[in-house]
Amino acid sequence: METAADGSRRRPALRLLCPKTSILSAPFPSLLWLVGSPRFLQPVTVAAAFRCLRCLPDDGPFSPNLPHEADEIRGLLVRGFDIVGALLVGSANFEADAGRALELARALRERLFGEKASHDMVGGCVDAATGDIRFLISESIGSEVVEGQEVVWEDEPERLLLEKGCLLRCQLPLQLPLYLPLDDNSGTEPRFSSLIEFTAANLRGPHASYLVEGPTATSEELHHSVILHDNDLNYLSCLPINQNTNEHNTKIVYCSEFFSTKRHDLSLMRENADAIQITVLSNQSFNSSKAGSPIPVLKYFPASANLRVINLKLDILCYTSIDLPVAAAVSELVIPGLCDQLSVMKKVIVSELLTQQPQLCPYHFVPPGLRIPLTAIYDTRYEEIEEKQSELRRNLHFRLGLPLDRPLLRTSNALTFGGMIGRDKNLSKNGSSILRDVHKEIPSSGVLGGIMSLIDGSYEYYHYLHDGIDDNGWGCAYRSLQTIMSWYRLQQYSSINVLSHREIQQVLVDIGDKDPSFVGSREWIGAIELSFVLDKLLGVSCRIINVRSGDELPEKCREIAIHFETQGTPVMIGGGVLAYTLLGVDYNEVSGDCAFLILDPHYTGPNDLKKIVNGGWCAWKKSVDSKGRSFFLKDKFYNLLLPQRPNMV
């Protein structure tokens with residue numbers, strides 16, 4: 001191994017945009033593939049780390065099955081991102097293992113893209129005990145290998161990814177005619193492969209054009225679009241800079257022209273992603289002859305053949321710089337991305353070509369814990385709760401370092417694009433708006449030296465008079481249940497809409513807990529009834545904590561904190577005739593001082609966040625405040641309902 005002489009030049013730094021946990025929390029020993037965007041980001045910048053799942057039998061985690069790894073990562077990786085290196089976690093021999101990691105990364109990259117990398121590649125080791133990272137960098141094939149100087153965890157990774165980057169999306173439904181001899185199935189696979197190769201080749205043919213449109217425009221924005229033909233996709237016509245004048249060519253359309261504003265927040269992307277939309281157009285009457293006049297197109301198929309129509313739904317994302325000409329983006333990212341997805345689908349379909357064809361559908365995600373988009377292809381013949389789909393998602397969670405106890409890659413988690421958000425995500429049944437995550441706007445609790453343990457995830461705020469139902473004086477526990485149900489729906493554990501008071505009552509009647517006359521009444525419910533409904537509808541189990549007096553609640557702070565740290569679900573707390581939703585605690589274990597984050601369902605006003613926060617309807621409450629007033633009553637017993645998080649993906 002060659003090493004650059006000390007002091008010959010400044011040794012490069014490894015820049016990490018991915019969360020620390022994606023690398024430092026990886027099991028050891030294990031192999032991590034490093035993903036970056038060498039064309040659009042600074043050299044040796046890592047945007048994500050994928051765990052290696054496929055290893056050679058009996059050879060250990062540092063011996064990956066590269067063909068299988070390449071097949072799986074090809075389907076996941078969005079074009080514009082690339083393999084930039086590998087890390088061996090738990091390595092004890094830096095000199096040997098860093099070089100091996102570098103060679104493995106080069107080999108995987110070559111299998112993915114069919115050519116050797118021309119960009120900087122990284123090979124390194126992670127000390128399992130200390131988390132220290134040592135690494136080597138090779139600037140190109142055949143160049144010297146140097147040891148990196150420092151590891152930099154970027155403070156604003158989202159800005160670096162999104163400020164100068166954007167997404168392109170192309171959807172292409174296909175119906176491919178596959179003609180097979182009636183009496184011979186031996187040539188089915190090569191015929192299908194030829195059909196896929198022919199389809200891929202036509203994406204660059206003279207019959208293919210590409211309609212490029214900006215994200216869905218608002219009423220105040222102009223809709224920008226352009227059509228690109230075969231000659232427009234020539235790379236030489238897409239050079240972004242005039243080499244003589246060092247100025248942009250005014251005839252070239254750049255990706256930046258399709259965005260009036262840019263988002264730098266991944267949470268907004270998860271809610272509603274902006275992407276340049278690419279539509280493939282086919283001009284079957286195109287005539288490439290010099291005569292220039294249209295000619296008929298004739299195709300011949302033998303009559304003694306069996307026709308099978310292969311239905312495919314291609315849907316790809318690409319990541320690019322906003323300063324790249326859109327023709328170059330289509331030529332170098334979109335078309336290769338479509339070809340990649342065709343190849344991935346071909347390998348899945350070919351084994352079942354003569355039986356029941358898989359119904360493959362791509363979905364795009366940016367799950368929490370990941371800062372780049374990825375694509376997962378699901379077979380929609382199977383329901384999401386079936387074991388085949390669950391096992392696929394479980395493997396994806398493990399590869400991406402995502403938690404294994406919550407659904408982050410279900411179809412309902414998929415990105416929505418350009419104003420396609422469903423109305424039910426932020427509107428109730430009668431169309432009224434629902435406030436979400438109101439606690440994020442409140443001031444601190446006032447507990448000195450306390451540790452906050454809060455709800456994990458989003459919820460909706462249900463309160464008295466919401467949805468036009470007058471439940472003032474009797475419906476607070478119903479409202480707390482609605483908020484809890486919204487948490488399970490927003491975290492994708494359930495697709496069931498939040499129930500009305502009457503629907504909640506009907507469930508309790510159906511399970512035999514209440515008489516039929518209960519439906520339509522104004523009778524109260526408590527923690528036990530809430531647990532029955534959650535178990536019946538969502539399959540959610542609950543713990544219940546009982547205290548004899550409001551004075552005893554601070555003694556349960558530690559137990560409640562553990563609930564929020566491990567389960568993260570909202571808690572219903574009821575005492576006497578009042579019920580509240582508990583969203584967290586702030587607890588100083590030494591002094592015993594604590595505060596409860598209360599979401600109060602007794603609010604009767606409009607959904608005005610400022611009014612709710614200023615009025616204390618969502619606020620930190622101490623058991624006894626500075627004026628000696630008790631929030632929790634001394635002469636009332638209290639039940640706390642702690643819904644559990646299902647262990648599922």
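A residue is called buried when its relative accessible area is under 20%, exposed when the value is over 50%, and partly exposed in between, as judged with a 1.4 Å probe on protein chains only. The structure is a predicted model, in which local features need a pLDDT of at least 70 and side-chain atom pairs count only at pLDDT 80 or more, while totals for chains, interfaces and linings use all residues. Residues are numbered from 1 along each chain as its sequence is written, and side-chain values use heavy atoms, with hydrogens and water left out.

**View 1. Arginine 406 in the loop between α8 and β17.** Arginine 406 is placed in the loop that runs between α8 (387–400) and β17; helices (H or I, at least four residues) and strands (E, at least two) are DSSP runs, numbered from the N terminus. With a relative accessibility of 18%, arginine 406 counts as buried. Its side chain makes a polar contact with the side chain of aspartate 456 at 2.7 Å, where a polar contact is a pair of N or O atoms within 3.5 Å; within protein, one of the two must be able to donate a hydrogen and the other to accept it, and residues adjacent in sequence count only if both atoms are side-chain atoms. Leaving aside residues up to four places away in sequence, arginine 406 touches His397, Asp456, Tyr493, Arg645, Met648 and Val649, a contact being heavy atoms within 4.5 Å.

**View 2. Serine 37 in the loop between β2 and β3.** Serine 37 is found between β2 (30–36) and β3 (45–46), and it is buried, because its relative accessible area is 1%. When residues up to four places away in sequence are not counted, serine 37 touches Thr45, Gly80, Phe81 and Tyr319. The side chain of serine 37 reaches the backbone oxygen of glycine 80 at 2.6 Å. The C-alpha atoms of serine 37 and alanine 47, which are 10 residues apart along the chain, are separated by 7.6 Å.

**View 3. The packing of helices α9 and α11.** Helix α9 (residues 476–490) packs against helix α11 (residues 527–538) at an angle of about 30°, and their axes are 11 Å apart. α9 is therefore roughly parallel to α11, a label given to angles under 35 degrees, while those over 145 count as roughly antiparallel, those from 65 to 115 as roughly perpendicular and the rest as oblique. The contact is formed by Ala477, Leu481, Ile484, Met485 and Tyr488 of α9 together with Leu530, Val533, Leu534, Leu537 and Leu538 of α11.

**View 4. Two residues with positive phi.** Leucine 465, in the loop between β17 (451–454) and α9, has a positive phi of about 70° although it is not a glycine. At 33% relative accessibility, leucine 465 counts as partly exposed. Glutamine 492 lies in the loop between α9 and α10 (501–510), and its phi is near 70°, again a positive value in a residue other than glycine. Glutamine 492 is buried, with a relative accessible area of 15%.

View 5. Phenylalanine 28 and proline 29 are joined by a cis peptide bond, with omega about 0°. Proline 29 has its place in the loop between α1 (21–24) and β2.

Methods. Axes are lines fitted to C-alpha atoms, for helices over the stretch in contact, and angles run from 0 to 180 degrees between N-to-C directions.
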